[in-house]
Amino acid sequence: MAKLVINPDKKLSKINKEIYGHFSEHLGRCIYEGIYVGEDSPIPNKKGMRTDVVEALKKIKVPVLRWPGGCFADEYHWMDGVGPKEGRKKMINTNWGGVVEDNSFGTHEFFELCEQLGCEAYINGNLGSGTVQEMSEWVEYMTFDGISPMADWRAKNGHEKPWKVKFFGVGNENWGCGGNMNPDYYANEYRRYQTYVRNYNEDEPIYKICCGPNVDDYEWTEGVLKTCFSHCEEKYHGFMDGLSLHYYVHPEGWDIKGSATDFDEKTWYKTLFKALYMEELIVRHGNLMDQYDPDKKLGMIVDEWGTWYTVEPGTNPGFLYQQNTIRDALVAGVTLNIFNKHSDRVKMANLAQIVNVLQAVILTEGADMILTPTYHVFDMYKAHQDAMLLDSFVESHEIGADDEYCVPNLSESVSMDAEGAIHLTLANLSATESYPIESIIFDFKVKEAVGEIVTGEMHDKNTFENPECVKVQKFTDVTVTDEGVNFTIPACSVLHLTIR
């Protein structure tokens, strides 16, 4: 029986709700068809936004949404996406599928979506192919409350009052699709561009995010921070608030990637092994950030993460459409546990991507919609949003199909919400074995424990023919003891217990 120890008296850090953020790019069927169908669509919608998708996303309490990219962001010219739709420019989406982008979903539509979701806006600006003036005027257009050319244009286009932009990314993947820059060059461009991301509302300053590394590019992290903070007295708020990190799980490598649904037990463990690599990335990049920011005022922003497989057969390779199984639920569970455990440094994360792309929480086909196993994990984990991380530990041992890709059998994180309830999320990474758990909760008399679980055979998935194969189920096999709670977690499971 594995021991699980929780210390409610030792609160470590706040788990920002934004850790449970999402990402929407003009890529494949994420925006168009997935979220936005237009007001004239026979699919039920409110101002063009799919009603079924919006309602499903509201249920998991999406806290923040990143837009318009991704690689698309550094080719996006925002002025093409405002004003009467019939007059908006059309362009070829050269990054994703070579399809026509008609710009019918632009700034006004994005803020309408955020309003319907009740979430914060994370705008990614164009540093790669855009000008300082273009970025500056976009910020003015969105946030200035007064008389100015951009504010007047916004009002003319139907929105007199400014919107709130809580987060702003100054470029995206500028080491790659955002301009193929080196660290020193980008850092100097960041310093210049961010200067003109004005705070027109001093009571709600914009949280500025600098383009950080791809995976384990520690040279980029060190180089960018060194140049950015050289001869700079105002090191944190108002200059740089966050540094991004991108990491995707490719079971068979970048070129091959591997199937989303056809995999063996060895690949199951290989996938989870690579997902757990996120912790090393956070620690090592975090150590570099500590050299410039020992007080952890600068947030690590993991604004692209998730599984990336070979696209589903018969679909456009540039649309990155893939299925989602119990394996993805486990990737989500262990990754979110890692973010929770490092919430002193990780301040936001954005799963890629929200609908119909990569590790999506929702898939659509015409008027039909299904919720993926990953969606159900986010549904269970929403209890952690803005809760306090508690000191916790679970006994684990290594498992795997061979000696190369061994993983711990269990992964956990624990928080306490504002009402004093404890939320335990526990993932069982074993493809075949269940494990009995005995918990000890210091100085906490348990009155009740309510459980919910996502579990199944490792290949289980939801389809349009069988949309509820995987769903959140009640978990009732919990025994309250004098010291805590005891239970057995099944194989291939992600569990949430609310303990009061």
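## Cys-71 and Cys-177

Cys-71 has a relative accessibility of 13% and counts as buried (buried means under 20% relative accessible area, exposed over 50%, and partly exposed in between, with a 1.4 Å probe and protein chains only). Cys-177, at a relative accessible area of 36%, is partly exposed. This is a predicted model, in which local features need pLDDT of at least 70, side-chain atom pairs count only at pLDDT 80 or more, and totals for chains, interfaces and linings use all residues. Residues are numbered from 1 along each chain as its sequence is written, and side-chain values use heavy atoms, with hydrogens and water left out.

## The disulfide

A disulfide is a pair of cysteine sulfur atoms within 2.5 Å. The count by this rule is one disulfide. Its partners are Cys-71 and Cys-177, with an S to S distance of 2.1 Å. The torsion about their S-S bond is about -90°, so the disulfide is left-handed.

Cys-71 sits in the loop between strand S5 (64-67) and strand S6 (91-92), and Cys-177 in the loop between strand S9 (167-170) and helix H5 (183-195), so the pair ties together parts that are 106 residues apart in sequence. Helices (H or I, at least four residues) and strands (E, at least two) are DSSP runs, numbered from the N terminus.

## Cysteines without a bond

Cys-228 is in no disulfide; the nearest cysteine sulfur belongs to Cys-210 and is 4.4 Å away. Cys-228 is buried, at 0% relative accessibility.

For Cys-469, the closest cysteine sulfur is in Cys-492, and the 12 Å between the two sulfurs is too far for a bond. Cys-469 is partly exposed, with a relative accessible area of 31%.
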